Amino acid sequence: MRRRSRQHRPAVDGAREAMAPRQRVRHLALPERAFGPVAGTALLLFMWAGVAHASGSGWVQTVGAVVAGLLLLGLVAPAFAAPGLTLVCERCPTDATAGSAVEIDVVGNRSMRCTPRSLRGTPLLLARRIPARLVIVPRRRGVISTVTVRVATAAPFGLLWWSRDQVLELTHPLYVAPQPLKRGAALRQTLTPEEGHGPPRPTLTGDLRGVRPYQHGDGRRRVHWNASAHTGDLMVRESENQTDDPIRMVVDLPRDLDAADRLAEEAMGEIVAQLSKGRRIVLETTEVTGRVVAPVAERLSAGRRLARSVASSDAR
Amino acid sequence: MRARQVSVRRGSDSVGQAGRPGAADRRGIGFVEMVRRANAPLPPEHSVTFRIATAVAVLTGILSCAAVGEVSVSSAVFASVGTVAGMVFSYLTRVKPWQWVKILLAVAVLGIFASFVLQILGAAQVGQLSSIEVPLAGLFTWVQLIHSFDVPARRDLLFSLAAAGALVTLGAAQAVSVGFLAYVAVWLGACLVGLGCSWRSMTGGVGPIALGSIATTGLVVVLAGAGFLVLLPAPRATQLITLPASLTSYLPLRDPGGITGTGDQSTEPAQAGKASGATGVGGYLGFATELDIAVRGALGDEVIMRVRADRPGYFLGMTYDTWDGQNWKRSPPTARIVQLTTGSPFDVSSVLSSFAQAQGQMDGGMVPGLYGDELGSGPANIQTFYVAQPIANLLFATPDPTEVYFPEHSLIVGGDDSMRSTIAMTPGTVYTVVSTDTAVAPSVLAKARPLQSSQIPAALGPDLELPPGRYERVAALARQIVTAARATTTYEKVTALEAWMGRNVRYSTDIPPLLAGQDAVNQFLFGSRVGYCEQISTSLAVMLRTLGVPTREAIGYVPGPFDPLSDLYEIQARDAHAWVQVWFPEVGWQNFDPTAQVPLAPPDPGAVLLSDLGHAIANLPWAPIGGGLGAIATGAFVALAVRRRRRRPTGWVGRVTAELERRGAAAGLRRWPTETLGEYASRLGTFDRWRAGPTATAPLRAASALLERAAYGYYEPDAGTRAFVEDVVRGLHPARGSRRRSPRRRLTTA
């Protein structure tokens with residue numbers, strides 16, 4: 001039964017990964033803000049050599065040579081250490097919401113600093129082989145399987161940072177649901193972002209017209225247990241106004257990422273609003289595997305569906 | 001999983017691309033706000049190792065300054081104790097530093113800085129950096145002491161490390177001994193540990209510091225430092241801003257005009273060395289009124305002086321002009337002296353010029369018409385002598401000294417070209433001599449015309465005299481040699497005689513003693529022809545005198561081994577030497593050394609360093625070292641075995657837990673240090689590709705719960721329970737081909 005259908009205008013293509021505009025992955029280790037340390041080192045050694053030559057003391061030059069060795073090692077050693085930096089994802093959540101922070105448990109083979117590059121996030125200093133939490137903020141909805149991070153090291157003295165990019169593979173895909181478009185205070189009162197479950201549904205309204213056999217998508221509360229026991233099949237109540245019939249929502253995303261995100265957010269907001277009212281929703285989207293039509297009973301599954309959805313083939 | 005959240009901190013941590021939050025924040029803030037942020041409290045540093053390493057570095061800096069006399073011993077002890085106390089205080093108050101202590105420390109620093117300014121106002125001289133070295137060392141020491149009471153954060157400790165480097169450098173400016181290497185080594189080790197701790201603290205590392213990585217880092221630093229030392233040009237004395245001169249003690253001499261130094265008494269008048277009598281300072285029997293060439297003391301390896309010189313050469317002490325067949329003596333006319341009382345620097349060139357004019361030389365020893373433009377003075381050769389042993393009151397120098405920097409108001413210049421102090425030369429005395437080293441090339445000397453007797457001034461009479469009736473055979477030999485060599489000029493005669501001696505004379509210090517009444521030269525030339533520098537040079541001098549060439553015996557030191565670390569020549573007792581000075585008209589006295597070819601060119605520090613390193617390695621006592629290394633290896637092995645034994649799981653719970661961890665690690669799921677057994681078992685349960693399938697993982701929770709109860713719950717499992725748990729653990733076999741690579745292997749091979 002299809003009582004109400006909201007169909008967004010289809011688009012050509014959709015987002016697959018919840019990534020920012022793609023950036024080039026730099027595998028070559030390069031120094032960061034090298035002018036200050038290098039110039040400071042050169043100035044210090046120049047002054048040291050000046051004192052050595054002014055005093056004529058070979059020991060001053062010897063100490064200066066040792067200091068030069070220290071500084072040289074501090075400047076250059078990270079260049080040799082940076083290619084060996086490896087960050088591994090130990091654990092990551094399954095679901096997230098666009099624009100909200102996600103914590104990923106990572107561990108590095110050496111002490112390093114890692115900064116998310118493909119996504120927004122907070123730089124993280126982590127010690128060798130000690131798990132730490134990397135915070136990333138996906139900007140778009142989609143499915144994330146890798147995160148490009150910039151790993152950097154200044155070992156052994158912390159004098160100069162050398163960095164390169166690394167593609168961090170997540171332990172499993174991260175479904176980034178669109179941020180639901182806000183539809184007023186009712187949404188905030190009824191839903192919390194973490195739970196994804198709606199409040200108890202309201203009771204049925206309208207006059208009872210009769211019972212009918214159970215159909216896919218009927219709510220559990222509509223089951224008429226007496227009739228079911230009597231007939232031996234699962235029977236549900238039918239009301240006059242039929243307010244609890246599932247809403248069929250067809251979401252065809254456009255190819256433009258921003259437009260697709262906006263549309264997904266609207267759809268998500270609508271789904272959340274309808275779910276909070278106790279309505280049942282059958283969502284129709286296009287995924288990589290093809291057209292998917294299935295009910296969504298909660299916010300989490302709706303978010304995953306919208307995260308997986310791509311532009312439909314018949315979209316303009 | 002209990003993951004540690006390590007957020008990016010402000011301050012020095014926040015460097016790099018996005019790790020520098022202050023970079024964006026600084027835009028649009030005022031200067032006051034920037035200062036306020038810069039002085040905002042930093043996170044406290046909790047690493048005790050870091051703090052100890054910093055304290056060691058600071059103490060090393062203070063003690064190194066004390067070792068070279070820049071800081072008094074009492075001050076060094078007080079500052080050291082205070083620094084340790086300050087470090088302890090800082091550690092205890094690191095979380096919440098006491099603000100009123102900061103105020104007190106600030107006031108104290110201002111007071112010390114004011115004291116420093118007052119000191120340098122009274123003592124500093126323009127262009128004399130050495131005049132502020134001692135106040136500067138004091139300033140650094142006291143500031144370090146005060147600062148040690150307020151080092152709660154990592155940045156403060158790093159500042160202390162850097163200041164310790166400055167202190168060590170101040171000490172190095174006055175260091176002349178290779179023993180200073182110990183201070184540099186300790187300071188470097190402390191710096192490496194401190195910087196390593198700083199990096200570990202910066203990244204939130206825990207656990208003991210990796211000594212292996214510290215050792216590797218230190219090795220790389222030492223190699224890089226050695227490379228810098230080899231490649232960079234060594235500092236030369238001519239580039240000095242100040243010419244050092246200092247005293248550690250003031251001991252007036254009984255006979256200011258004479259030569260002192262007998263035995264270990266540098267204040268006593270020098271006595272001529274006798275085989276059975278007192279020997280001169282440093283074991284050399286010269287540097288006295290007489291030189292008996294038949295007696296040679298036992299000259300050792302002890303360092304007499306250290307010299308920094310642009311051009312090493314023959315460091316002349318004094319000369320003798322009268323020869324009696326066994327002893328060289330100083331004749332009365334040449335023993336006249338001039339006492340300069342002008343204070344440092346002493347202009348000795350005018351006195352020596354007057355002596356030279358009396359000997360028939362022109363002023364400055366240069367006659368343009370005679371030798372053309374080929375004769376001239378070279379660049380100034382600045383030599384700084386650091387006295388290490390009590391020596392004679394002679395000031396050594398290369399030829400033609402012009403200025404002497406000596407910390408005394410008077411200086412004596414003798415007609416024998418010797419310079420003598422009026423106080424004892426005790427260890428620690430430092431003086432500097434500037435010489436011109438008049439460069440007379442052999443080609444120039446070869447142009448000198450044959451010497452006529454009429455050209456020889458009367459003042460050089462003693463330099464031609466010989467004992468009558470002794471040297472007819474010597475004269476005949478000399479004439480035979482120069483005739484065979486067709487030598488006509490003075491230079492040709494000298495080189496001919498030197499060449500003959502090189503072919504017919506052997507050097508040895510092990511010679512039989514000269515019998516009473518024997519002539520040393522006749523015995524040498526017509527006897528064994530084996531001797532040492534005094535006999536060889538005396539024989540040359542006598543032969544030249546028989547040919548009518550004015551000659552005199554010179555004694556002094558040759559440069560000893562070069563220490564590339566301190567850039568000093570270490571003159572040892574065995575470097576005492578005797579050579580010949582030959583008089584050339586219009587030029588004056590020129591050095592000739594018939595004994596041996598002494599390396600005079602400035603050595604390459606890198607080559608010397610590598611050579612010394614090779615010799616040092618070759619001469620190491622390998623047997624004790626091997627034994628020591630073996631003992632260390634054995635001890636390490638035993639310690640490792642004991643450690644493993646201690647770590648071996650005890651009891652049923654420990655064994656089963658270890659087995660569970662081993663099987664989990666084999667599947668690629670290591671137990672994290674922060675993970676409880678139950679959490680670990682839950683994580684193992686998520687690994688669904690065990691060989692036995694879900695049946696292997698399903699009872700894991702129950703088994704882990706039983707293990708935790710048995711470990712912590714005063715629960716003693718019965719045999720059946722134990723068998724159940726062991727079966728569960730033994731049933732964990734990863735399916736073939738599904739074994740995950742362990743995180744460590746992934747990390748290191750990715």
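Helix α2 (residues 58-81) of chain A and α7(B) are roughly antiparallel to each other in this predicted model, because their axes meet at about 150° and angles over 145 degrees count as roughly antiparallel, those under 35 as roughly parallel, 65 to 115 as roughly perpendicular and the rest as oblique. The two axes lie 7 Å apart, an axis being a line fitted to C-alpha atoms, for helices over the stretch in contact, with angles running from 0 to 180 degrees between N-to-C directions. Helices (H or I, at least four residues) and strands (E, at least two) are DSSP runs, numbered from the N terminus. On the α2(A) side the contact consists of A:W59, A:V60, A:T62, A:V63 and A:V67, which meet B:G165, B:V168, B:T169, B:A172 and B:A173 of α7(B); two residues are in contact if their C-beta atoms, placed from the backbone, lie within 7 Å. Seven of these residues are nonpolar, three are polar and none is charged (Ala, Val, Leu, Ile, Met, Phe, Trp, Tyr, Cys and Pro count as nonpolar, Asp, Glu, Lys and Arg as charged, and the others, Gly among them, as polar).

Residues are numbered from 1 along each chain as its sequence is written, and chains are lettered from A and ligands numbered from 1 in the order in which they are written. As the model is predicted, local features need pLDDT of at least 70 and side-chain atom pairs count only at pLDDT 80 or more, while totals for chains, interfaces and linings use all residues.

Helix α7 (residues 154-174) of chain B also packs against helix α6 (residues 133-147) of chain B, with axes that come within 10 Å and cross at roughly 155°. α6(B) and α7(B) are therefore roughly antiparallel to each other. Their crossing is left-handed (the near helix is turned anticlockwise from the far one by less than a right angle; clockwise would be right-handed). From α6(B), the contact involves B:E133, B:L136, B:A137, B:F140, B:T141, B:Q144 and B:H147, and from α7(B) it involves B:S160, B:A163, B:A166, B:L167, B:L170 and B:A173. Eight residues of this contact are nonpolar, four polar and one charged.

Chain B contains 24 helices and 21 strands. Of its 750 residues, 41% are buried; a residue is buried if 20 or more other C-beta atoms lie within 10 Å of its own, exposed if 12 or fewer, and partly exposed in between, with C-beta atoms placed from the backbone. Of the contacts in chain B between residues at least 6 apart in sequence, 74% join residues at least 24 apart. In strand β20 (residues 576-584) of chain B lies B:H577, which counts as buried because it has 23 C-beta neighbours inside 10 Å. Its contacts, leaving aside neighbours within four places in sequence, are with B:C533, B:G556, B:Y557 and B:V558. The C-alpha atom of B:H577 is 9.4 Å from that of B:F315, 262 residues away along the chain.

Chain A has six helices and 16 strands, and 44% of its 316 residues are buried. Contacts between residues at least 24 apart make up 71% of the chain A contacts that join residues at least 6 apart in sequence. Helix α6 (residues 299-308) of chain A is largely enclosed by the rest of the structure, because seven of its 10 residues are buried. These are A:R299, A:A302, A:G303, A:R305, A:L306, A:A307 and A:R308. Their cover includes β4 (95-97), β10 (142-153), β11 (161-177), α5 (257-276), β15 (281-287) and β16 (290-296) of chain A.

Most residues other than glycine have a negative phi, and most peptide bonds are trans. The bond from A:A155 to A:P156 is cis, with omega near 10°, and A:P156 lies in the loop between β10 and β11 of chain A. A:R33 has a positive phi of about 50° and is located in the loop between β2 (30-32) and α1 (35-55) of chain A. A:R33 counts as partly exposed, because it has 14 C-beta neighbours inside 10 Å. In A:R129, phi is positive and near 60°; this residue is in the loop between β8 (124-126) and β9 (132-137) of chain A. With 19 C-beta neighbours inside 10 Å, A:R129 also counts as partly exposed.

The pLDDT (the predictor's confidence in each residue, from 0 to 100) averages 80 in chain A, where 80% of the residues score at least 70. Residues 1-20 of chain A have a pLDDT below 50, and this stretch has 69 contacts in the model beyond near neighbours in sequence. For residues 184-203 of chain A the pLDDT is also below 50, with 25 such contacts. Where pLDDT is low, the predicted coordinates should not be read in detail.
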